Amino acid sequence: NAFMYFGPKIFESIGFDKNMFTTINNFVNFLSTFPAVLLADRAGRRQLMLWSSIGMTLSCIVMGVMGILYYVPVPVDPAHPEAETGYTVNNKNAGWVIAGSVFFFVFNYAYGFGPIVWVY
């Protein structure tokens, strides 16, 4: 849910269109719930949650490392010191890696912890 709420602002800070993010993110979330429906009783709820947690952990590690390495504060404009400060990514490829990691996180959440906790 945090990615749904803060995602557009994060994507705007890494140089992507926030409306495109919302569209792709919702599409990934929608499609990724089908494996949970199909596999919950076959593969087992515990297995889905285990693999989901591993995928979410890996994507958080990748996002964190990319953020530490390539996320920098936006310089304050001396003409408008009261303006809101923010952050941006100083490497376009790092922005793509962060974007992919966000979608990978949403994918893993949508087939595991998203629906399975309600029927476990």
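H2 passes H4 in a right-handed crossing, and that's a handy place to start looking around this predicted model. The two helices pack at an angle of about 35°, and their axes are 7 Å apart. On the H2 side, the residues that meet H4 are Phe-21, Ile-24, Asn-25, Val-28, Asn-29, Ser-32, Thr-33, Pro-35 and Ala-36. Their partners in H4 are Val-102, Phe-103, Val-106, Phe-107, Ala-110 and Tyr-111. Sort the residues of this contact by type and you get eleven nonpolar, four polar and no charged.

**The whole chain**

Let's step back for a moment. The chain has 120 residues, and buried ones make up 31% of them. Its secondary structure comes to five helices and two strands. Taken along the principal axes, the C-alpha atoms fill a box of roughly 60 × 25 × 20 Å. Look at contacts between residues at least 6 apart in sequence, and 72% of them join residues at least 24 apart.

**H1 against H2**

Now for the start of the chain. Helix H1 covers residues 2-13 and helix H2 covers residues 18-39; their axes come within 8 Å and cross at roughly 140°. That makes H1 oblique to H2. This crossing, too, is right-handed. From H1, the contact takes in Phe-3, Met-4, Gly-7, Pro-8, Phe-11 and Glu-12. From H2, it takes in Lys-18, Phe-21, Thr-22, Asn-25, Asn-26 and Asn-29. By type, the residues here divide into five nonpolar, five polar and two charged.

Leaving aside neighbours within four places in sequence, Pro-8 is in contact with Phe-3, Lys-18, Phe-21 and Thr-22. Pro-8 and Asn-19 are eleven residues apart in sequence, and their C-alpha atoms are 7.1 Å apart in space.

**The nonpolar cores**

In soluble globular proteins, nonpolar side chains tend to be buried together. What does that look like here? The largest nonpolar core has 17 residues. Phe-3, Phe-11, Ile-14, Met-63, Ile-98 and Val-102 are the ones that touch the most other members. H1, H2, helix H3 (45-70) and H4 each supply at least two residues of this core. H4 gives the most, with seven residues.

Ile-98 shows some of the links around it: setting aside neighbours within four places in sequence, Ile-98 is in contact with Ile-14, Met-63, Met-66 and Val-89.

| Residue | Relative accessibility | Class |
|---|---|---|
| Leu-39 | 34% | partly exposed |
| Ser-59 | 2% | buried |
| Asn-108 | 3% | buried |

Which residues does Ser-59 contact, leaving aside its neighbours within four places in sequence? They are Ser-101, Phe-104 and Phe-105. Ser-59 itself lies in helix H3, and at 2% relative accessibility it counts as buried.

Asn-108 lies in helix H4, which spans residues 92-111. Is Asn-108 buried or exposed? Buried, since its relative accessibility is 3%. Not counting residues up to four places away in sequence, Asn-108 touches Trp-51, Ser-52, Gly-55, Met-56 and Phe-113.

Leu-39, meanwhile, lies in helix H2 and counts as partly exposed, at 34% relative accessibility. Its touching partners, beyond residues up to four places away in sequence, are Gly-44 and Leu-48. Leu-39 and Tyr-111 are 72 residues apart along the chain, and 9.0 Å separates their C-alpha atoms.

Terms used: Residues are numbered from 1 along each chain as its sequence is written. This is a predicted model: local features need pLDDT of at least 70, side-chain atom pairs count only at pLDDT 80 or more; totals for chains, interfaces and linings use all residues. Side-chain values use heavy atoms; hydrogens and water are left out. Axes are lines fitted to C-alpha atoms, for helices over the stretch in contact, and angles run from 0 to 180 degrees between N-to-C directions. Helices (H or I, at least four residues) and strands (E, at least two) are DSSP runs, numbered from the N terminus. Angles under 35 degrees count as roughly parallel, over 145 as roughly antiparallel, 65 to 115 as roughly perpendicular and the rest as oblique. A crossing is left-handed if the near helix is turned anticlockwise from the far one by less than a right angle, and right-handed if clockwise. Contact means heavy atoms within 4.5 Å. Ala, Val, Leu, Ile, Met, Phe, Trp, Tyr, Cys and Pro count as nonpolar, Asp, Glu, Lys and Arg as charged, and the others, Gly among them, as polar. Buried means under 20% relative accessible area, exposed over 50%, partly exposed in between (1.4 Å probe, protein chains only). A nonpolar core is a set of buried Ala, Val, Leu, Ile, Met, Phe, Trp, Tyr and Cys residues joined through side-chain atoms within 4.5 Å.
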